[in-house]
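Here is a short briefing to read with the structure open beside you. It starts with the chain as a whole and then moves to the sheet, the helices and a few single residues.

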Amino acid sequence: MARPNEGGRDRRPRDREEVESDIVEKLVHINRVAATVKGGRRFSFAALMVVGDQKGRVGFGHGKAREVPEAIRKATEEAKKSMIRVPLRESRTLHHDGQGRWGAGKIMVRSAPPGTGVIAGGPMRAVLETLGVQDVVGKSTGSSNPYNMVRATFEALKAQASPRQIAAKRGKKVGDILGRRADGASAPDSIEG
């Protein structure tokens, strides 16, 4: 005889998947780890997942379990809980250049003109694609550890600010902030100092 809660548990995730069907999930890294116990080694798997709606929201998560699918499920759930919103310019690129660092992993992201594409490698590419950025240039230096690269990319993305946010902080109008840009370039006309 089946318990009445079992049917409800099976339906809820499906309903949630239908509502969140626009969320893209990417497996960045999977690692087999071993714990030495009395009888030998016990193997388990650690998964690093990135999820995003490709409209400016992205998150990452880490999951560990005895089997790969369970580790991926745990990582995906954690990633959905830790999503952040990043302002995008014209829904295709970043507003300004940014740098991020986590441990020995250092990354740099730069906004790019239309048609450039996502020029970034490895874990940074997975984060930017799930975020919904279409034109961006990225470079990673230092550690190539996927965990550090993903966290460094998130540090750079958290520092992104739209002209509307800057204008609100300074108590000015958006036009005053964007007045310096004549052709829509990401840098001011001249920098003195």
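What percentage of the 193 residues in the chain is made up of buried residues? The answer is 37%, and please keep in mind that this is a predicted model. The chain holds 6 helices and 8 strands, and the points below take you through some of them.

**The chain as a whole**

- Starting at the N terminus, the order of elements is α-β-β-β-α-β-β-β-β-α-β-α-α-α.
- For contacts between residues at least 6 apart in sequence, 57% link residues at least 24 apart.
- The accessible surface of the chain is about 12000 Å², and carbon and sulfur atoms account for 48% of that surface.
- The count of aromatic pairs in the model comes to 1.

- Four strands form an open sheet in the order 1-2-3-4, and their pairing is antiparallel.
- Its edges are strand 1 (24-37) and strand 4 (84-85), each of which pairs on one side only.
- In general, the strands of a sheet pair through backbone hydrogen bonds, in either a parallel or an antiparallel way.
- Strand 1 and strand 2 run antiparallel and are joined by 13 bridges, with a hairpin of 2 residues leading from strand 1 to strand 2.

- Helix 4 (residues 146-158) lies across strand 1, strand 2, strand 3 and strand 4, and its angle to strand 3 is about 155°.

**Arg32 and Ser44**

- Arg32 places its charged end over the ring of Phe43, at 4.2 Å from the ring centre.
- Arg32 is also one of the residues in contact with Ser44.
- Setting aside neighbours within four places in sequence, the contacts of Ser44 are Asn31, Arg32, Val33, Lys64, Ala65 and Arg66.

**Asn148 in helix 4**

- Asn148 belongs to helix 4 and is buried, because its relative accessible area is 16%.
- Which residues does Asn148 contact, leaving aside its neighbours within four places in sequence? They are Trp102, Ala104, Gly105 and Ser143.
- Asn148 and Arg101 are 47 residues apart along the chain, and their C-alpha atoms are separated by 8.0 Å.

**Two loop residues with positive phi**

- Gln54 has a phi near 60°, which is a positive value in a residue other than glycine.
- Where does Gln54 lie? Gln54 is in the loop between strand 2 and strand 3, a hairpin with 4 residues between the strands.
- Ser91 is another residue other than glycine with a positive phi, here near 55°.
- The place of Ser91 is the loop between strand 4 and strand 5 (98-102).
- Ser91 counts as exposed because its relative accessible area is 54%, and exposed means over 50%.

Note on methods
Residues numbered from 1 in each chain as written. Predicted model: local features only at pLDDT ≥ 70, side-chain atom pairs only at ≥ 80, totals over all residues. Heavy atoms only, no water. Buried < 20%, exposed > 50% of the residue type's maximum accessible area, 1.4 Å probe, protein only. Contact = heavy atoms within 4.5 Å. Areas by Shrake-Rupley, 256 points an atom, 1.4 Å probe, with all protein chains shown as cover. Phe/Tyr/Trp six-rings, centres within 6.5 Å; stacked < 30°, edge-to-face > 60°. Lys NZ or Arg CZ within 6 Å of the ring centre and 35° of its normal. Pairing = 2+ DSSP bridges. Axes fitted to C-alpha atoms, helices over the stretch in contact; angles between N-to-C directions.
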